[in-house]
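Please consult the sequence and the structure shown here while reading.

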Amino acid sequence: MRMTINGRAIETEEGVTILQVAQQNGLRIPMLCHMESLIPTGSCRMCVVEVQGLENPVTACNTQALDGMVIETDTPKIRELRKEVLQFFLVKHPLDCPVCDKGGECDLQDYVYEYGIQKAEYQVEALAKEYKTYSTPAIKYHPNRCILCSRCIRTCREIVGREVLDLKETGFDTRVEAVRPERCISCGECLAACPVGALTENISSIKGRVWQTKRVSTVCGYCGVGCNLEANVVGNRMIKVTTKEGLGTNNGVLCVKGRFGYEFVNSPERLRTPLIRDNGKLREASWDEAMTYVSTKLREIKEKNGPDSIAGLASARVTCEENYLFQKFIRAAIGTNNIDHCARL
Amino acid sequence: MVGLATTLGSGAMTNSIADLKEADVLLVTGSNTTETHPVIGMLLRNRARFNGSKIIVVDPRKIDLVEEANLWLQPKPGDDIAWLNGLAHIIIKENLYNKPFIDQHTEGFEAVKEKVSRYTPEFVEKITGIPKDQLIRAARMYGSAKNAAILYCMGITQHSKGTDGVKAISNLALLCGQLGKPGSGVNPLRGQNNVQGACDMGCLPTVYPGYQGVGLKELRDKFESHWGVSLSEKPGLTVVEMSQAAYEGKIKAIYIMGENPMVTDPDLSHLKKAYAKLELLVVQDIFLTESAQVAHVVLPSLSFLEKDGAFVNTERRVQRVRKALNGPEGAKADWEIICDLSSRFGYSMNYGNPEEIFEEIRKVTPQYAGITYARLESGGIQWPCPDASHPGTPVLHKGRIVRGKGLFVPVDYIPPPEVPDRDYPFILSTGRDYYHYHAGSMTRKVRLLNEMCPESLVEINPSDAEKLGINEGGRVRVVGRRGDFVSKVKITDKVSSGVVFAKFHFAEAPVNLLTNTVLDPESKITDLKVSAVRIEKC
């Protein structure tokens with residue numbers, strides 16, 4: 001089917017939304033409440049567009065694209081509407097960006113800046129909502145910053161399948177609450193879904209703005225799913241783990257270990273020097289001493305008892321390259337096939 | 001792995017995680033997926049809730065996934081072959097099997113048909129306790145599905161008859177032609193980040209990298225010419241055989257790189273005695289683990305966040321691991337340590353970086369020949385990938401079973417080596433917790449995870465707890481034939497009466513003091529899922 005967006009003729013298959021057509025053709029439509037992996041609701045109204053022949057603008061995320069549609073995504077009228085939408089978010093959302101963890105990567109902050117809003121026109125003194133504990137100690141909940149986009153609620157329901165969160169109360173008092181905290185598995189999918197700083201990570205004491213942080217794309221070191229993640233590093237400290245839609249088999253999803261299980265890496269208990277047992281006790285040794293000790297001892301044992309008196313246990317935890325070298329060492333250097341690992345455990 | 005290699009010609013997961021979405025029916029057995037592979041667990045829930053996929057859970061425990069299941073069958077631990085044969089029996093009897101597929105792609109059907117003929121629903125009910133109408137419903141659901149995938153994990157394999165369990169699963173998939181297409185297959189979920197990679201790299205006593213057998217002269221010649229030395233044709237020992245040989249004084253030195261057998265291996269007190277007899281125990285790790293504490297030499301290494309390399313996930317996807325941090329001063333990457341040691345030992349190894357090692361891997365491993373670091377920049381590649389223009393293989397056995405013909409192998413139910421008796425009336429089964437991982441070397445050093453799951457909890461059925469006069473949170477001593485441990489109790493109907501369940505992450509409540517070392521004759525896997533125990537209040 002054919003349609004026109006911003007004067008451009010576009011061809012597309014049926015059964016897609018206006019937002020999808022736009023995205024497929026590299027046209028950006030702003031949105032706050034929608035994520036690609038969620039069922040669209042059209043609730044934030046940032047994605048409004050004009051369709052020729054329709055009196056009122058429609059939300060692009062949940063409006064079906066139809067043959068012959070003529071769509072404008074960025075007219076002055078639409079920009080005004082979006083500004084109003086943003087003003088309504090700012091009625092309650094505190095302008096505490098300097099102290100908010102999300103500063104610099106907050107969708108609301110970015111749109112307010114992009115749409116040139118200089119002042120929160122209707123801001124009321126935010127009700128000093130009592131700090132509510134959340135369903136997991138991994139996450140801090142700041143109810144005042146919540147814009148009620150419900151991405152956290154829908155993520156928990158549609159992606160994680162736990163239905164921990166829901167909306168409570170109505171009108172001005174509406175808020176997100178952990179209504180089934182006992183079902184929470186601390187996966188942090190709600191945290192990842194939050195477009196503002198209503199949910200922030202409560203793990204690392206060290207923080208870093210996005211532009212100070214090095215993000216390294218790598219693979220999780222726990223189970224066999226092999227989720228892709230981004231290690232967030234400031235200086236030489238892990239400060240958090242992120243991921244995003246479209247990245248790896250996990251497509252932006254992580255579990256508690258992948259998202260919050262990185263603290264071990266900064267642990268003061270990490271080994272820093274080789275150890276050799278002396279009179280029953282392990283003592284510190286230099287690399288040279290330890291390696292000489294091991295190689296000499298291995299050679300002695302091999303000469304005395306033959307290569308099959310030596311065995312190696314490789315690991316499902318280290319890299320392919322290291323496992324390859326290890327079995328090569330056992331087979332080619334030691335001369336035995338006594339090599340295994342814990343695949344069976 | 002041995003099971004599937006025999007029947008299909010490749011031991012790995014046949015399909016991809018993403019293509020589970022195409023399955024109409026998902027048979028999940030011996031895998032507590034939502035806890036041990038949480039992200040796949042989420043996908044299963046999502047398919048059941050929003051896309052109408054049917055889930056059949058067969059598990060002795062009422063795992064979380066049961067709440068999404070259309071059907072939950074609850075056998076006793078160790079009874080898998082009985083119900084698997086039972087399903088095959090019904091599928092054949094009701095003509096739900098895929099005759100064209102069997103004719104074209106398999107051999108040995110008649111033998112299995114004959115074997116399962118005695119596994120009537122009534123017979124299976126008597127062994128497993130699964131009501132016969134439930135078994136029939138499950139057989140019809142699986143047998144009549146367009147696309148049906150089987151997912152399994154250690155609940156099937158960690159038995160002294162685990163290989164036969166896998167063959168019974170493979171029989172079922174062959175019977176219904178559920179192979180070689182998206183949303184189907186036989187899918188063992190690998191438990192650890194790079195267990196697939198370690199297997200691929202030949203860290204097994206019988207094969208070189210790429211599953212090339214050490215017993216075949218032609219392959220030995222190939223590796224001898226690549227590595228420039230002569231190689232042993234004698235198959236090596238497996239983990240559990242190594243510790244037995246150490247105990248007997250035949251093995252004098254064990255070098256452990258990044259594992260913690262003193263928590264994860266069966267029959268720990270025996271293992272400790274075995275290690276005590278060694279002349280040299282070297283442990284290379286990032287922490288002073290329980291195994292490192294008994295070593296002669298401990299070498300500090302780097303974690304996956306501190307080095308470059310590749311991991312292979314459960315779906316055979318080779319993915320790049322990238323260095324994000326500098327490790328602690330004084331620690332070295334495992335590959336650097338091995339190069340140094342090997343060169344000192346007299347076999348020179350000179351590699352400047354992991355990519356150079358990977359280039360060598362490609363040369364000797366046909367499945368990896370087409371994979372390069374450069375290609376991995378744009379995402380992982382699933383092996384086999386024989387050349388640089390090959391896109392990788394998301395679905396194995398497409399159009400042709402890797403083995404040529406899929407082999408039906410008749411297998412029989414034999415009761416587990418340890419059955420409950422008067423002195424040890426309970427079955428102890430073991431597994432993992434969502435918040436912890438394996439030996440706990442990493443997760444138990446994460447504050448949040450310890451807060452969420454601070455200690456060992458032995459699960460016991462309410463009726464058993466009442467009989468024994470045990471209260472929630474009370475302490476019990478779990479006593480088995482090889483040892484005992486003390487743990488807090490959690491009273492839950494997750495386990496059925498007569499079964500208790502414990503998690504093996506906790507060195508202070510070492511479940512593996514009790515587990516037995518009876519080996520599966522083919523895979524050399526031990527029966528970690530069935531030990532007879534008694535419960536004493538303390």
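Which residues does B:Leu87 touch, not counting residues up to four places away in sequence? They are B:Leu135, B:Ala138, B:Ala139, B:Tyr142 and B:Leu172; residues are in contact if their C-beta atoms, placed from the backbone, lie within 7 Å. The model is predicted: local features need pLDDT of at least 70, side-chain atom pairs count only at pLDDT 80 or more, and totals for chains, interfaces and linings use all residues. Residues are numbered from 1 along each chain as its sequence is written, while chains are lettered from A and ligands numbered from 1 in the order in which they are written.

**Nonpolar core**
- The largest nonpolar core comprises 263 residues, such a core being a set of buried Ala, Val, Leu, Ile, Met, Phe, Trp, Tyr and Cys residues joined through C-beta atoms within 7 Å.
- B:Leu87, B:Tyr142, B:Ile254 and B:Val500 have the most contacts inside this core.

**Domains**
- Chain A is divided into domain 1 (2-74), domain 2 (206-270) and domain 3 (275-344); domain bounds come from an automatic or database domain assignment.
- Chain B is divided into domain 1 (2-189), domain 2 (191-234 + 301-386), domain 3 (237-292) and domain 4 (426-537).
- In chain B, 14 residues of domain 3 are in contact with 17 residues of domain 4.

**Contacts between the chains**
- On chain B, 118 residues are in contact with 96 residues of chain A.
- Helix α16 (residues 334-345) of chain B supplies the largest share of the side of chain B that touches chain A, with 9 residues; helices (H or I, at least four residues) and strands (E, at least two) are DSSP runs, numbered from the N terminus.
- Strand β15 (residues 310-313) of chain A and strand β9 (residues 253-257) of chain B run parallel and are joined by 4 bridges; strands pair if DSSP finds at least two bridges between them.
- A:Ile310 has B:Ala253 as its bridge partner in β9(B).

**Helix α17 of chain B**
- In helix α17 (residues 354-364) of chain B, the buried residues are B:Pro354, B:Ile357, B:Phe358, B:Ile361 and B:Val364; buried means that 20 or more other C-beta atoms lie within 10 Å of the residue's own, exposed that 12 or fewer do, and partly exposed lies in between, with C-beta atoms placed from the backbone.

Technical notes
Two residues are in contact if their C-beta atoms, placed from the backbone, lie within 7 Å.
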